[in-house]
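Colleague: I would like to go through this model with you and ask, term by term, what each description rests on.

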There are 2 protein chains.
Amino acid sequence: MNPPRLSRDSRRQQIVDCALPLFAQNGFAGTTTKRIADAAGISEALLFKHFPSKSAVYSAILTDVCEADPGLMRLRALAPSTRTLVIFMRGMINWFFGTPGPAERNEKLRLVLSSQLEDGEFAQVLFDKVEQHVAPVFIDSLKAAIASGEARASEASPRDLFWFAHHTLSMLAASLLPRVPPLSFPPPAQFEREVREFLLRGIGLDDAAIAAYADCEMPRELLSEFCSLESA
Amino acid sequence: MNPPRLSRDSRRQQIVDCALPLFAQNGFAGTTTKRIADAAGISEALLFKHFPSKSAVYSAILTDVCEADPGLMRLRALAPSTRTLVIFMRGMINWFFGTPGPAERNEKLRLVLSSQLEDGEFAQVLFDKVEQHVAPVFIDSLKAAIASGEARASEASPRDLFWFAHHTLSMLAASLLPRVPPLSFPPPAQFEREVREFLLRGIGLDDAAIAAYADCEMPRELLSEFCSLESA
DNA sequence: TTGGCGTAAGTGATCACTTACTTACCAGCC
DNA sequence: GGCTGGTAAGTAAGTGATCACTTACGCCAA
């Protein structure tokens, strides 16, 4: 009958887990401590035994989301090449629009957008991580593609091009967040082809190279790596 | 000594004008009716004489922002061409990053992002307007560019390509919203060149055409048109 | 004189957060 | 094993502040 008594750590983690979707859905101001406590199945008093303030819960969520540094070494181990570049781009598109349940991804998107509407601190931490761990794969491969003649050089640095592509995908995903999306796009498979071509052309890849690697399959393991990786 | 008594319409408009930056900055839940009243220099009671609820003020803002249908006819009157396409793209980039005070633009950006984090209704209305009044210029010119051989056809429809470009710019602008932006980019002039090249390449424009129209000046009047137009 | 602009002073509800208290668990001692 | 005391998990019932929103009334121009 009684709910189980949890250890300090697991209770704290449970609160964070329960609060995450609430903050993501309703924003900081729109989320009440009562609703967090209810979601966790505890009293507000206990919530404040674990966290000194509502802000502390929010901060704990943000640092939590920034954790998790999975096997990105495997992706970094891939030799920089045009093929890796295309695989990378497909992986990134897949992360934003792919199948493995939009819940977690949408929560992160919402947190980033909320952060940008506020002080941007969380976005900064997250983008730093992406720039350190994700972007280099793209950058090295793009350089390799240019060197091999399969891509033209750009006005923009590979690093800037990475963020252009990343931001395009972020905003597209954001526009699909509402229950009734404000814009309609083609079905997933076609949509993926469209976006991929747009981005690969944008970063200077030649049409011949785009066509050549159009059907290279995503290594399954790498694809899943990518999903967890983007959360780094 | 007494504050001036305003007519119903002008008072109502004043309230909307004062509330807009508050909602844009703090979101719906984060904005209190007291702060709106203070910003307008009136009592809360008067606020509720003009609007039945806080939500009504918000709705009035959104419909207000969606109004204003300026001389977009002049832009539509431009003959569809590769040159018009490049001018259009520069105008769009300029609207997102240009000089005429980021205040108004940032407010609209914040409202759109907030809307996407909530029900997306406002974003839908705004995007509908853009698709009706802004996108056709782009679409027709891109078709013309393809027909003239200066652009390659894409997997994506010109309409989708327009939104890809628009979303890229939206997210870039959104990432620059926080006081301390989470990402740093080159100085404006260089940044504009980078983004323009990325987007024009992305929509399939040939490098030769990009270079050919690289220095075509923005007609001043059209540029300002564009600014007010994007709010349509 | 009177209709509508305008406000002072509230309303109950809900906010983040506390206080005072009970309950379960687990030592260490007999 | 039982008994027990200390500690931490957990809660009921608040706190004053602030929320969105009202009521009752003054005031001024037409």
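Colleague: Which helix gives the most to the surface near DNA strand D?

Modeller: α3(A) does, with four residues, where a helix is a DSSP run of H or I with at least four residues, numbered from the N terminus, and near puts a residue's C-beta atom, placed from the backbone, within 6 Å of the strand. This is a predicted model, in which local features need pLDDT of at least 70, side-chain atom pairs count only at pLDDT 80 or more, and totals for chains, interfaces and linings use all residues. Residues are numbered from 1 along each chain as its sequence is written, while chains are lettered from A and ligands numbered from 1 in the order in which they are written.

Colleague: Which residues come nearest to DNA strand D?

Modeller: Of the 18 residues around DNA strand D, the nearest are Arg8(A), Ala45(A), Thr32(B), Ala45(B) and Lys54(B).

Colleague: What makes domain 1 and domain 2 of chain A touch?

Modeller: The bounds, 8–66 and 72–229, come from an automatic or database domain assignment. Contact requires C-beta atoms, placed from the backbone, within 7 Å, and nine residues of domain 1 of chain A are in contact with nine of domain 2 of chain A. On the domain 1 side, α1(A) supplies the largest share, four residues.

Notes. Two residues are in contact if their C-beta atoms, placed from the backbone, lie within 7 Å. Helices (H or I, at least four residues) and strands (E, at least two) are DSSP runs, numbered from the N terminus.
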